[in-house]
Amino acid sequence: MPEEQKQEMEKIKEEKEKEKERTRRSLTFYLAILFAAALIFLIFAFLMQSRTSENTIDSLRDSVNSLQNVQDMYNGVMEMQEEIDALEEQLEQQSEALESLQNQASALEGQLEEAQQALAQEEQTAQALELLWQLERAVADGDEEAAEALAEQLEQDGLLEALPDETPESGGLSPYQRCLELLETLKQGD
């Protein structure tokens, strides 16, 4: 019996070893499955993290682009403001130039009006001198009718006051004094 027991013990030992071997294989297989699952989870986590990182990077790029657009708009607004300031300065200078030109135009209009008045006065004086000359000729020729008509025209048209009252350098009477003298002579002759 001892041999049988020995055999049986060996058999039990073999079975125990086989079972140990099976347990070891099962454990190795289980560990391999756990390792593979952990590796799959790590890859999945990496891919998720990579996707999240890409989304974050895209979001940051969009933000940078938006900031760049805002900066470009701000630069554009600043350039426009500088242009507006330059145009306002030009407008102010042109307004000052226009005001200066308007002042010059007003002054020239005043001078023109004075010149026109002086011209009208000179024309009136010339007309009065012409009538005085005609009156002197009519008196010298003894044409009383023409002399009286000329004297009346001088008085009615107010040309008597247009005659110069300055004594000539050569002496004698002024045209105004000469006309008064001729008018007095005509009145005495009546």
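Helix H1 is followed by Gly 142, whose phi is positive, near 80°. Helices (H or I, at least four residues) are DSSP runs, numbered from the N terminus. This is a predicted model, in which local features need pLDDT of at least 70 and side-chain atom pairs count only at pLDDT 80 or more, while totals for chains, interfaces and linings use all residues. Residues are numbered from 1 along each chain as its sequence is written, and side-chain values use heavy atoms, with hydrogens and water left out.

**Confidence**

- The protein chain has an average pLDDT of 87, and 98% of its residues score at least 70; pLDDT is the predictor's confidence in each residue, from 0 to 100.
- Within the protein chain, the mean is highest in H1, at 90, and lowest in H3, at 80.
- Where pLDDT is low, the predicted coordinates should not be read in detail.

**Helix H1**

- H1 comprises 140 residues and spans 200 Å from its first C-alpha to its last, close to the 208 Å expected at 1.5 Å a residue. The expected span of a helix is 1.5 Å times one less than its number of residues.
- The buried residues of H1 are Thr 125, Ala 128, Leu 131, Leu 132, Leu 135 and Ala 138. Buried denotes under 20% relative accessible area, exposed over 50%, and partly exposed the range in between (1.4 Å probe, protein chains only).
- Leu 129 and Lys 18 are 111 residues apart in sequence, and their C-alpha atoms are 161 Å apart in space.

- Thr 125 lies in helix H1 and counts as buried because its relative accessible area is 12%. Leaving out residues up to four places away in sequence, Thr 125 touches Ala 162 and Pro 164; contact means heavy atoms within 4.5 Å.
- Leu 129 belongs to helix H1 (residues 2-141) and is partly exposed, at 35% relative accessibility. Apart from its neighbours within four places in sequence, Leu 129 is in contact with Leu 163, Pro 164 and Pro 175.
- Ser 174 is placed in the loop between helix H2 (144-156) and helix H3 (175-189). With a relative accessible area of 0%, Ser 174 is buried.
- Not counting residues up to four places away in sequence, Ser 174 touches Pro 164, Asp 165, Glu 166, Thr 167 and Pro 168.

**Salt bridges**

- The count comes to 4 salt bridges, a salt bridge being a side-chain nitrogen of Lys or Arg within 4 Å of a carboxyl oxygen of Asp or Glu.
- Arg 178 and Glu 136 meet through their side chains in a salt bridge (3.0 Å, N to O). This pair links distant parts of the chain, with Arg 178 in helix H3 and Glu 136 in helix H1, 42 residues apart.
- Arg 178 is partly exposed, with a relative accessible area of 30%, and Glu 136 is partly exposed at 28% relative accessibility.
- Glu 181 also forms a salt bridge with Arg 178, the closest N and O atoms being 2.6 Å apart. Both Glu 181 and Arg 178 lie in helix H3, 3 residues apart, about one turn of the helix.
- Glu 181 counts as partly exposed, at 38% relative accessibility. Salt bridges that share partners join Glu 136, Arg 178 and Glu 181 into one network.
- Arg 61 forms a salt bridge with Asp 58, with the closest N and O atoms 3.6 Å apart. Because Arg 61 and Asp 58 are 3 residues apart in helix H1, about one helical turn separates them.
- An α-helix has 3.6 residues a turn, so residues three or four places apart point the same way.
- Arg 61 is exposed, at 52% relative accessibility, whereas Asp 58 is partly exposed, at 38%.

**Nonpolar surface patch**

- Phe 35, Leu 39, Leu 42, Ile 43, Phe 46 and Leu 47 form a nonpolar patch on the surface, with about 670 Å² of accessible area together.
- Patches are made of residues with over 30% relative accessible area and no salt bridge, with like charges joined within 9 Å and nonpolar side chains (Val, Leu, Ile, Met, Phe, Trp, Tyr) within 5 Å. Accessible areas come from the Shrake-Rupley method with a 1.4 Å probe, and for residues only the protein chains shown count as cover.
- Phe 35, one of the patch residues, is found in helix H1 and counts as exposed, at 59% relative accessibility.

Methods. Helix = DSSP H or I, 4+ residues; strand = E, 2+ residues; numbered from the N terminus.
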